[in-house]
Amino acid sequence: MKKFIVGAAAILAAMSLPALTATAQNHEVGAGVSVGGTGYLLNGRYGYNFNKNFRLEAEAAAGTFILGDVDYFVSAFAVARRPFGENNSAVYARAGAGYMSFTSDFFCGGNLFPCETETRALGQAGVGVEYFFSEKWGVKLDATAVVNPGDLDNGNNDDDFTGYGVFSIVRRF
């Protein structure tokens, strides 16, 4: 739990830095919750809109799953957007890569079953929708699939597909 609190504080601190230097509404910062099949992560994001159809995003997350703790999960995405309606709402698709540090608590028990920490590079792709209810404030809902090279649960080398959903509140600057 200590790692979770420290991670959440680091995410929120990192999210505030771009807001201090941003001068146009090309910058976005947000905070939210990522939910997977077995747990949740606190999530922070930063995005830079190059134009109305293309954005780069960075995300950082930390949290707890049934099989252990996600010490950190950082990702970068290229995002293609299709705006619709007023207030610059949009649907979008995103693809990117991430890096995760995961500590398994499932079989921890002294010298016989020590806790193990693994780090992995992960491929990701997803879709989402955003709705801005004012010029500066909005919400986003993403669904992202993750390609996990080698299973974190049992150590085999088979690729696995998992997914998570993210709900975020976003502020433009």
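Start by selecting glutamate 130 and its surroundings: leaving aside residues up to four places away in sequence, glutamate 130 touches Arg55, Arg81, Asn88, Ser89, Ala90, Tyr92, Val139, Lys140 and Arg172 (contact means heavy atoms within 4.5 Å). You are looking at a predicted model, in which local features need pLDDT of at least 70 and side-chain atom pairs count only at pLDDT 80 or more, while totals for chains, interfaces and linings use all residues. Residues are numbered from 1 along each chain as its sequence is written, and side-chain values use heavy atoms, with hydrogens and water left out.

Stay on glutamate 130, which is found in strand E6 (residues 116-132); strands (E, at least two residues) and helices (H or I, at least four) are DSSP runs, numbered from the N terminus. Its relative accessible area is 1%, so glutamate 130 is buried (under 20%; exposed is over 50% and partly exposed in between, with a 1.4 Å probe and protein chains only). Now show the side chain of arginine 81: the side chain of glutamate 130 makes a polar contact with it at 2.6 Å. A polar contact is a pair of N or O atoms within 3.5 Å; within protein, one must be able to donate a hydrogen and the other to accept it, and residues adjacent in sequence count only if both atoms are side-chain atoms.

Next, select valine 127, also in strand E6.

Now for the nonpolar core, a set of buried Ala, Val, Leu, Ile, Met, Phe, Trp, Tyr and Cys residues joined through side-chain atoms within 4.5 Å. Which residues touch the most other members of the largest one? Select Leu41, Val70, Phe73, Met100, Leu122 and Tyr164, out of 13 residues in that core. The elements giving two or more residues to this core are E4, strand E5 (89-104) and strand E8 (159-172), and E4 gives the most, with 4 residues.

Finish on tyrosine 164. Beyond residues up to four places away in sequence, tyrosine 164 has contacts that include Ser34, Glu59, Phe73, Gln124 and Asp142.
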